[in-house]
Amino acid sequence: MVRVGAAGTTRVVYVLGRGRSGSTVLAQALGAFDGFFNAGEVRYLWDPVLTHGTRCACGRPAPDCPVWSPVLAALSWVDRAEVARWQRAVVREARLPRLLRAGAPWPALERYRAVMARVYAAIAEVTGCHTVVDSSKRPSYALVVRRLAGCDPYFVHLVRDPRACAYSWRAEGYLGGSGAPVRARGPLGATLRWNALNLGAELVRHACGPGRTLLLRYEDFAAAPREVLARVVHLCGALPDASAFLDARTVRVPVSHAIAGNPVRYHTGEVAIREDGRWRDRQRPADRAVATAVALPLLRRYGYRLSPRPAPAGAAAPLRPCGSGDKAALQSPDGACDW
C-alpha cells in the first residue's frame with residue numbers, strides 16, 4: 001500500500017499526559033476513523049515490546065503480527081539492542097531541557113530519530129492510513145516526534161482529574177509490557193507524577209504552538225465523545241468519519257494492532273464510551289486530601305473543583321474483558337488499568 005499524507009509526510013496524532021487518564025480509549029476511538037491507525041504506545045516498540053516479546057492487541061507477538069511484522073521487515077537493518085539503548089538514553093523526562101534546546105550535537109538522539117522516522121513511515125505504508133495515532137504520552141518522546149523527518153505531528157494533551165488518577169494508581173491492575181505487574185502508587189507519588197507529566201506536556205504545547213496542539217479533559221471526552229473526537233480530527237486537518245459512530249457515544253472499534261498500553265486495547269466491536277465516576281464515592285478521604293493538596297496549583301488551570309461532585313446515579317460496573325465483536329463499555333479506569 002502507498003503512504004498517504006500531506007506533501008508526502010506521515011501525519012501523527014500524539015496523545016500527551018499522565019497514565020490512567022484515558023489515552024488508550026481515546027486512541028481506540030480515533031483508530032475507528034477511516035484513514036487513522038491506532039499504533040498504541042510506539043515509544044515502547046524496541047523496549048519492552050521487542051525485548052520482552054510483548055503481544056500486539058491482535059494477540060500475536062509483534063514480529064508475527066500482520067501489521068508489525070512488515071513494519072519491522074522495513075527496518076531489518078536496525079540493531080534492535082542498540083536502538084533500545086538510544087531509547088532509554090533519550091526518552092527520559094530528565095532530558096526535557098536538552099530536548100527543548102536545538103543545536104548541540106547528540107548522536108544518540110539523531111540516530112534514534114532516524115530510526116523512528118522510518119518506523120512511522122513504514123506504519124503508514126503497511127496500513128495505507130494517512131494518520132498514525134500514538135498514545136505514548138511521555139513529553140520527552142513527544143519532543144522526539146516533533147522533529148522527525150517526514151512526519152507531520154499534532155499533539156493532544158489529555159488531562160484527567162488528579163484524584164481519579166490517584167485512585168486508579170492504588171491498584172496494580174494488569175501486567176506491563178515487561179511481563180511484570182504495573183506497580184501501584186500511593187496518592188503522593190501518583191499526584192507528583194501527574195503534576196510533572198502535565199507540566200511537561202505544557203512545555204511541549206508551548207514549543208509546538210496552538211496550531212498543532214489541543215488541551216482536552218478526559219471528562220469532557222467521556223461526556224461527548226463524538227463532538228470531542230471531531231475537534232481532534234479537525235486539529236490535524238482531516239475530515240471526521242461519521243460512519244465510525246452508531247450514535248453519540250457508541251463507536252465501532254476495529255481489530256486493533258496497538259502495542260503496549262492498557263488491556264482495553266484488546267476490545268473490538270461496538271463500544272460505548274462513558275465515564276465511571278464511582279471513585280468520587282470510594283476514594284479514601286486521606287488519599288483525596290493528599291491528591292488535592294499536591295495538585296492544587298493545577299486544579300483551577302484545568303477546570304477541576306476543589307471538591308469533586310458525587311458519582312453520577314447508576315454508575316456503570318467495572319469494565320470486563322470481552323472478545324472481538326462483543327459489546328463493551330470503555331469506562332474510566334478506577335483501579336483497573338493504565339489508560
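In this predicted model, a cavity is a set of grid points where a 1.4 Å probe fits but cannot get out.

Q: How many cavities of 30 Å³ or more does the count come to?
A: A cavity is counted here if the probe fits inside but cannot get out, and if the volume is 30 Å³ or more. By this rule, the count comes to one cavity.

Q: Which helix and which strand each supply at least two residues of the lining of the largest cavity?
A: The largest cavity, with a volume of about 50 Å³, has a lining that includes Thr-24, Ala-27, Asn-38 and Gly-40. Elements that each supply at least two residues of this lining are helix H1 (23–30) and strand E2 (36–40).

Q: How many nonpolar, polar and charged residues does the lining of the largest cavity have?
A: Among the lining residues are Glu-41, Ser-135, Ala-258, Asn-262 and Arg-265, and in this classification Glu and Arg count as charged, whereas Ala counts as nonpolar. Taken by class, the lining has three nonpolar, six polar and two charged residues.

Q: Which residues in H9 does H8 meet?
A: H8 passes H9 in a right-handed crossing, and by class their contact has seven nonpolar, one polar and no charged residues. From H8, the residues involved are Pro-162, Cys-165, Ala-166 and Trp-169, and in H9 they meet Pro-187, Ala-190, Thr-191 and Trp-194.

Note on methods: Residues numbered from 1 in each chain as written. Predicted model: local features only at pLDDT ≥ 70, side-chain atom pairs only at ≥ 80, totals over all residues. Heavy atoms only, no water. Left-handed = near helix turned anticlockwise from the far one by under 90°. Helix = DSSP H or I, 4+ residues; strand = E, 2+ residues; numbered from the N terminus. Contact = heavy atoms within 4.5 Å. 1 Å grid on protein atoms, 1.4 Å probe; cavity = no way out; pocket = protein on both sides within 12 Å on 5 of 7 lines; lining within 4 Å. Points joined across faces, edges and corners; volume = space filled by probe spheres on them.
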